[in-house]
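User: I would like to learn how to read strand pairing and domain contacts in a model. Please take me through one example.

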Amino acid sequence: MGKTERIFETKLHSDTPEMGDSPLPVEPYVSKEFFEKERESIFKRAWLEVARVEELPNPGDYITVDVEVLKASIILVRGQDNEVRAFHNICTHRGNKVARENQGNARGFTCGFHGWAFGLDGNLEFMAGEEYFTGDINKCDIGLIPMTLDTWKGFIFVHAMDEPPQSLGDYLGGMGTQLDPFPHEECERIARYSGTPRVNWKVAIDAFQEAFHAITVHRESLPGSAASALNPGAALTSARFYGPHRSLSAWLNMEYMPPDIGLMVGKYGPAFVTSHEDYPGVNPNRDDSWWFDINVIFPNFFCDVGPGWYFTYNFWPVSENETRWVMDIYQLKAKDAGALLAQEHTKVLLRDAVLEDFSTLEDTQQMMESGALKNILASDLEIAIRHQMYVVNQWLEQTA
Ligand code: FES
Ligand SMILES: [Fe+2]
């Protein structure tokens, strides 16, 4: 039987690695042993996005971030000198957590166990029982343990290594350059959604880096906008690979007009779209039927951008079959009532769409764990899934 002819072709750009076209093994999605290798070879060796600087506007503001895959709790804090620093949330006396709230404003951190007190800069300022500690202990050496931190466009990244092999800028490479013009700094967070599905982190990410599923999974929330007779597989308009990172432009059916409330019609266009004018940092290949860009910063951070809005996902692996997921939605301040309505619509529409995405995750994981299926098949519509597996294996091999 001959193959059906393709109607729509994704344009591939930049340094596409040799990813092959063979089936992808299921084992990396279910194996505890593989997960432990990923912890060591990927998550302990990659820059990880943890927050935005706007979450810490004033000196003394802090948040704690659990990074389960590093088995760490991290304090991010803005010092009196306005510097944002990262510390392990661990008392250097006997290991208790020093910050127990998720966020706040503090003059320092006092451990609840025996009362040692640390400044915002991490220095040990009060050592209860100091006179009873014998041995060669220098107070200057037992401040909070710093974690490597850098920022890019207001995104705070940490690194588990004291001396990362690459600077954050070098690590982001072309992915950073593509996104540099986008006005992230001018947007404000308007929603946060989160959940912890029983799913491997790569299965979860895979569901968000292809549009092939849109016509089925999103038939309720996004009917007709992501696929049509012109592009029945919802093939991406273009895709770029920047080392471990990837950027995909989603196709939009420009003829589609949503049937509900007329607010998305006319100059605001279909769902998500607030303007079709040129916009900095988006649609790098100037695709005609462009919807939005899916930007995956390896290993677990998405920064998807559209005209005047962006949203992020962090996929935090907890174990080989559990992942904590956080979505933040950011938008420019609306200039008029129509734009405001479009933004509000986007906010609830995205909530519904991601709930639909979640509907497949645990079933897929559970069935992969049955052992019945040894390999999965990834088409050219799912090139990002192939790229992710290619990069994961590359990183594991580099440190083998
Ligand atoms: S463990 Fe923190 S003061 Fe003792
Ligand atoms: Fe989806």
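Analyst: Strands here are DSSP runs of E with at least two residues, numbered from the N terminus. This is a predicted model, where local features need pLDDT of at least 70, side-chain atom pairs count only at pLDDT 80 or more, and totals for chains, interfaces and linings use all residues. Residues are numbered from 1 along each chain as its sequence is written, with chains lettered from A and ligands numbered from 1 in the order in which they are written.

User: In which sense do β1 and β14 pair, and over how many bridges?

Analyst: Two strands pair if DSSP finds at least two bridges between them. Strand β1 (residues 11-13) runs parallel to β14, with three bridges.

User: What joins β14 to β15?

Analyst: Five bridges do, and the two strands are antiparallel. A239 lies opposite L248 of β15. Two residues separate the strands in this hairpin, where G243 has a positive phi near 60 degrees.

User: How many residues of β14 are buried?

Analyst: Buried means that 20 or more other C-beta atoms, placed from the backbone, lie within 10 Å of the residue's own. In β14 (residues 238-242), five of five residues are buried. S238, R240 and Y242 point one way, A239 and F241 the other.

User: Which domains make up the chain?

Analyst: Domain bounds come from an automatic or database domain assignment. Domain 1 covers 11-37 + 173-398 and domain 2 covers 48-163. Their centres, over C-alpha atoms, are 33 Å apart.

Key
A residue is buried if 20 or more other C-beta atoms lie within 10 Å of its own, exposed if 12 or fewer, and partly exposed in between; C-beta atoms are placed from the backbone. Helices (H or I, at least four residues) and strands (E, at least two) are DSSP runs, numbered from the N terminus.
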